[in-house]
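Take a look at the fold below. We will walk from the sheet to a helix, and then to one residue in that helix.

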Amino acid sequence: MSPRLYDAVTVLGSVAGMAMILLCGVDLFIRGKLEALLPEHRFTTADGVEPPDLVIADIARIEATDVAESFPDVPILGFTNHTDTAGLRHAHAAGFDRVIVKSALFERTRELIDGLIASVE
């Protein structure tokens, strides 16, 4: 029998519950806060080889329709300042799954992210 570096339990257990989260228009400060609050997930800012499990978009820094059209089968969470009511409405009309004010993103991070990721599973 040949030696194995990892057994199936180790490999499968290491990625259980881990999601790939694509950040669109999200600045480094907010990315750092999200990474600290959700260390079990992986974050990227580039649409890469691996499809994301969730997209988080700063509505004030992106075109909501473009994001929604680029990821039709991926849950999208959009956020912006509470004063950007037009942006909130536009993202909702574009088809984002959740549209929230920025303060709610950090007040209810785990609830929001886990709920959207669970909707895919």
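The paragraphs below start with the sheet and end with a single side chain.

This is a predicted model, in which local features need pLDDT of at least 70, side-chain atom pairs count only at pLDDT 80 or more, and totals for chains, interfaces and linings use all residues. Residues are numbered from 1 along each chain as its sequence is written, and side-chain values use heavy atoms, with hydrogens and water left out.

Begin with the sheet. It is open and has 5 strands, in the order β2-β1-β3-β4-β5. The pairing is parallel. Strands (E, at least two residues) and helices (H or I, at least four) are DSSP runs, numbered from the N terminus. Two strands pair if DSSP finds at least two bridges between them. β2 (42–44) and β5 (98–101) stand at the edges with a single partner strand each, so one side of each has no neighbour in the sheet. From one strand to the next, the twist averages 25°. Axes here are lines fitted to C-alpha atoms, for helices over the stretch in contact, and angles run from 0 to 180 degrees between N-to-C directions.

Now look at one pair. β4 (residues 76–80) joins β5 in the parallel sense over 4 bridges. Phe-79 has Ile-100 in β5 as its bridge partner. Helix α4 (residues 85–94) lies across β4 and β5, and runs at about 170° to β5.

Another helix also packs on the sheet. α2 (residues 28–37) touches β1 (20–24), β2, β3 (54–58) and β4. Its direction makes about 165° with that of β2. Contact means heavy atoms within 4.5 Å.

Which residues of α2 are buried? They are Ile-30, Arg-31 and Leu-34. These three cover an arc of only 100° around the axis, which puts them on the same side of α2. The arc is that of the directions from the helix axis to the C-beta atoms. The face turned away from the buried side carries the exposed residues Leu-28, Phe-29 and Ala-36. Buried means under 20% relative accessible area, exposed over 50%, and partly exposed in between (1.4 Å probe, protein chains only). At the N-terminal end, Asp-27 caps α2: a side-chain oxygen lies 3.1 Å from the backbone nitrogen of Phe-29.

Finish at Arg-31. Why does Arg-31 count as buried? Because its relative accessibility is 19%. Beyond its neighbours within four places in sequence, Arg-31 is in contact with Leu-23, Val-26, Phe-43, Thr-44 and Thr-45. Arg-31 and Thr-44 are 13 residues apart in sequence and 9.3 Å apart in space, C-alpha to C-alpha.

Technical notes. Polar contact = N/O pair within 3.5 Å; in protein donor to acceptor, adjacent residues only side chain to side chain.
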